[in-house]
Amino acid sequence: MAELIELKHIYQRYEVGDQEVTVLEDINLTVREGEFLGILGPSGSGKSTLLRIIAGLVKPTSGTVLYRGQALTGVNPGVGFVFQTFALFPWLTVLENVELGLKQKNLTPAERRKKALEAIDIVGLDGFENAYPKELSGGMRQRVGFGRALAVEPDLLLMDEPFSALDVLTAENLRRDFLELWLEKKLPTKAVILVTHGIEELVYMADRAVVLSGHPAHVVADVAIDLPHWRDREDPAFMARVDELYRVLTRKEREVEHRPVVPEEKRFTPVPPVRAGAMTGLIEMLEDMDGKADLYRLADDLVLDVEDFLPIVQGVELLGFARVEAGDIELTPKGMAFAEASVLERKDIFRQQVLERVPALKRIIHVIKSKSNRRLPREFLLEILERQFGASEAQRQLETLVDWGRYAEVIGYDEHTHNLFLEEFFDDGNEQ
Ligand code: ADP
Ligand code: MG
């Protein structure tokens, strides 16, 4: 089948303060006619950025985007875009909102109206042409968004988490309706890219899964979902595909950090942004399940999104309380001991693990110790972390480290002076 989009060695970097942050690293991807591609990745991994690059809304720092073999120089003329939520104009009717998508095209008003009406028909809004957005439910408003994107009869439809702002039933209805249109070839579009953080959603709808991961993000998997439609979520083959993608997402990466400004020996190993209390909760839950559980089912039981759940799993793994293997999570003997311990004993175990396995925390302790009053303004540490992580990630890293340090009763934080200090009785044995 003809190649619609080819991405060649796409890199995307942003200036954050005086830092350059690489978001996408060497992305190579081909999308052909007939494909329904799903892109999966944690929040902040660069999925939206990648779609915007394909749409020609963002020019990549380096690399080439080919659309039907031609290098893209501006906005991609063959693309329709569906967002998580649409900015519909409240003073325009459904029909007028959909017609807006056609403003760029050289059409007579009559042609424009005809195409808009066709799109409205396709998305099931027949009879609502003259309604105003405020008269519509959330699901219907999202249908207007789909209509606006489809009205231009795009070669390629890009969808950025289009179902994630809807309630469960509405989302499921819209997914099914969309898939039916696609499978019955009723959509005026030749290929679809769906960005999502829902693994099940992807396996339900798409025929190929691309997983983005890491900092900077790169493609860690590109696999066919070759199950026949309609797919049944209870089918073992379906669950196996979900499990497989889950495994790819949770796989530890042997990453090379690409932040040239901070020399390697001075870099902090990042911690997953999760509170000690959340890790404790997971450990207790695993103990109740005899120490072992299927990760995907666990996330499902907790009604959590992968992206909320992953940091907790990574946290307990980092601290040596659990092991993840082949999609299963299992408590280690240390994790078991923690689960069975009293509150005070837990703090001891936690402290021991944190000091052994979180070098960033040890470094912070070292810095605090180097001060004669053993107090350190939070801002000082934040600035050091910002050099490596950029502002918002530095904040998250510090909050996490302080939370862990407080739980372990190693460091304290004075909310009034914004100072970090060492707990009076804490001594890690390395006096310096
Ligand atoms: P996702 O859609 O996977 O959640 P995004 O593509 O929105 O991720 O963002 C990826 C990363 O790029 C984030 O860390 C975000 O802060 C950063 N980013 C996106 N756009 C810009 C920008 N214009 N300037 C600086 N950083 C940006
Ligand atoms: Mg996004």
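**Exercise 1.** Determine whether Phe 321 and Phe 338 are buried or exposed, and classify the aromatic pair that they form in this predicted model.

*Solution.* Step one: Phe 321 and Phe 338 are both buried. Step two: the ring centres of Phe 321 and Phe 338 are 4.9 Å apart, and the planes make an angle of 40 degrees. Step four: Phe 321 belongs to the loop between α10 (306-318) and β12 (322-325), while Phe 338 belongs to helix α11 (residues 333-340); the pair links parts of the chain 17 residues apart.

**Exercise 2.** Describe the pair formed by Phe 146 and Phe 178, and state which elements it ties together.

*Solution.* Step one: a search of the whole structure gives 11 aromatic pairs. Step two: one of them joins Phe 146 to Phe 178, with 5.5 Å from centre to centre and 50 degrees between the planes, a tilted arrangement. Step three: helix α4 (residues 138-151) holds Phe 146 and helix α5 (residues 168-183) holds Phe 178, so the pair ties together parts 32 residues apart in sequence. Step four: Phe 146 and Phe 178 are buried. Step five: ring pairs join Phe 146 and Phe 178 with Phe 36, Phe 163 and Trp 182 in a cluster.

**Exercise 3.** Identify the ring over which the charged end of Arg 363 sits, and do likewise for Lys 347.

*Solution.* Step one: for Arg 363, the ring is that of Phe 268, with its centre 3.8 Å from the charged end. Step two: for Lys 347, the ring is that of Tyr 407, at 4.3 Å from the ring centre.

Terms used: Residues numbered from 1 in each chain as written. Chains lettered and ligands numbered in written order. Predicted model: local features only at pLDDT ≥ 70, side-chain atom pairs only at ≥ 80, totals over all residues. Heavy atoms only, no water. Phe/Tyr/Trp six-rings, centres within 6.5 Å; stacked < 30°, edge-to-face > 60°. Helix = DSSP H or I, 4+ residues; strand = E, 2+ residues; numbered from the N terminus. Buried < 20%, exposed > 50% of the residue type's maximum accessible area, 1.4 Å probe, protein only. Lys NZ or Arg CZ within 6 Å of the ring centre and 35° of its normal.
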